[in-house]
Amino acid sequence: MHITVLTLFPEIFPGPLGVSLIGKALRKGLFTLQVVDIKAFARQGRVDSPPCGGGCGMILAPDVLEAALASFSVPSGTLFLYPSPRGRPFSQEMGQEFSAQHDIVFLCGRYEGVDVRFLEKHAFREVSLGDYVLMGGEIATLAFIEASVRLIPGVVGDPTSLQEDSLDVATGPLLEYPQYTTPVCWEGRSVPSVLLSGNHGAIQQWRQEQACAITRQRRPDLWKRYVAKQLPF
Ligand code: ADE
């Protein structure tokens, strides 16, 4: 997977994408990360202009963004993503879809946003990290990349751990059951005895029950989807 990020703050990258298993995947070439500094394509020292029609803030100019985009090759089939609170909420399903892409371009907005003509011309898909407003698209881009890249085969050593994730699309989507480790008794709190029983069937059943109970309690929206998926057609 080849990822290009257009940003006014290239120093943010790779950031958390350079450490741990994702960093290893980056160094091994399981994905590549090209970061393009929009400021390098400024027009008379500016990357933005005031909004037409008035209003506060500044808008990233389409000609500046076009020059930034023209500075590298964009293979056909490239997915264009624009992180924005106006977008569809990001999900595990989207992460799975993105993880199968060869080429992705992220455009990180700042200020009051981006001239919509640039988004329209390149059919950018707007994707939201959640119902709150960040200072720009960089934090959302990091999250989308991390959630997608970890699903590329070979990035996470043991692929079964992906299936045990919260929200795994194939098995859930349920929230993950609680985990325990040693010591067996810590500050008066004991590990549930079933987890020490060695009975794998019983452990599996307990974990499934816990996942169902937690999902039902915390995320009735996911629980509804899970129940609907279990019903025979
Ligand atoms: N940029 C600013 N806020 C955002 C959000 N909630 N999701 C994605 N990109 C953003």
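What follows is a short chat about a predicted model of a protein chain with a ligand.

Student: What should I know before I start?

Tutor: The model is predicted, so local features need pLDDT of at least 70 and side-chain atom pairs count only at pLDDT 80 or more, while totals for chains, interfaces and linings use all residues. Residues are numbered from 1 along each chain as its sequence is written, and side-chain values use heavy atoms, with hydrogens and water left out.

Student: How many helices and strands does the protein chain have?

Tutor: The protein chain has 8 helices and 9 strands. Both are DSSP runs numbered from the N terminus: helices are H or I with at least four residues, strands are E with at least two.

Student: And how is the chain divided into domains?

Tutor: Domain 1 covers 2–149 and domain 2 covers 166–230; the bounds come from an automatic or database domain assignment. Their C-alpha centres are 36 Å apart. The C-alpha atoms of the protein chain fill a box of roughly 70 × 45 × 40 Å along the principal axes.

Student: What share of the residues counts as buried?

Tutor: The share is 40% of the 233 residues. Buried means under 20% relative accessible area, exposed over 50%, and partly exposed in between, with a 1.4 Å probe and protein chains only.

Student: Switching to the ligand. Which residues surround it?

Tutor: P83, S84, P85, V127, S128, L129, G130, Y132, V133, L134, G136 and A140 do.

Student: Which backbone atoms lie by a nitrogen atom of the ligand?

Tutor: A backbone N or O atom of S84 lies 3.1 Å from a ligand nitrogen, one of Y132 lies 2.7 Å from a ligand nitrogen, and one of L134 lies 2.9 Å from a ligand nitrogen. A polar contact is a pair of N or O atoms within 3.5 Å; within protein, one must be able to donate a hydrogen and the other to accept it, and residues adjacent in sequence count only if both atoms are side-chain atoms.

Student: How much of the ligand does the protein cover?

Tutor: The protein covers 95% of the 270 Å² of accessible area that the ligand has on its own. Accessible areas come from the Shrake-Rupley method with a 1.4 Å probe, and for residues only the protein chains shown count as cover.

Student: Which elements give two or more residues to that shell?

Tutor: β5 and β7 do. The largest share, 3 residues, comes from β5.

Student: S128 was on your list. Is S128 buried or exposed?

Tutor: S128, in strand β7, is buried, with a relative accessible area of 3%. Leaving out residues up to four places away in sequence, S128 touches S84, P85, G87, R88, P89, F90 and F144. Contact means heavy atoms within 4.5 Å.

Student: Now α3. Which residues of that helix are buried?

Tutor: In α3 (residues 92–99), Q92, M94, G95, F98 and S99 are buried.

Student: Where do they sit around the axis?

Tutor: They cover an arc of only 155°, which puts them on the same side of α3. The arc is that of the directions from the helix axis to the C-beta atoms. What covers these residues includes β5 (79–89), β6 (103–107), β7 (125–128) and α5 (138–149).

Student: Last one: T215. What does its side chain reach?

Tutor: The side chain of T215 reaches the backbone nitrogen of L175 at 2.9 Å. T215 is in helix α7 (residues 200–218) and counts as buried at 0% relative accessibility. Not counting residues up to four places away in sequence, T215 touches P173, L174, L175, P220, L222 and W223.

Methods: A residue is near a molecule or strand if one of its heavy atoms lies within 4 Å of it.
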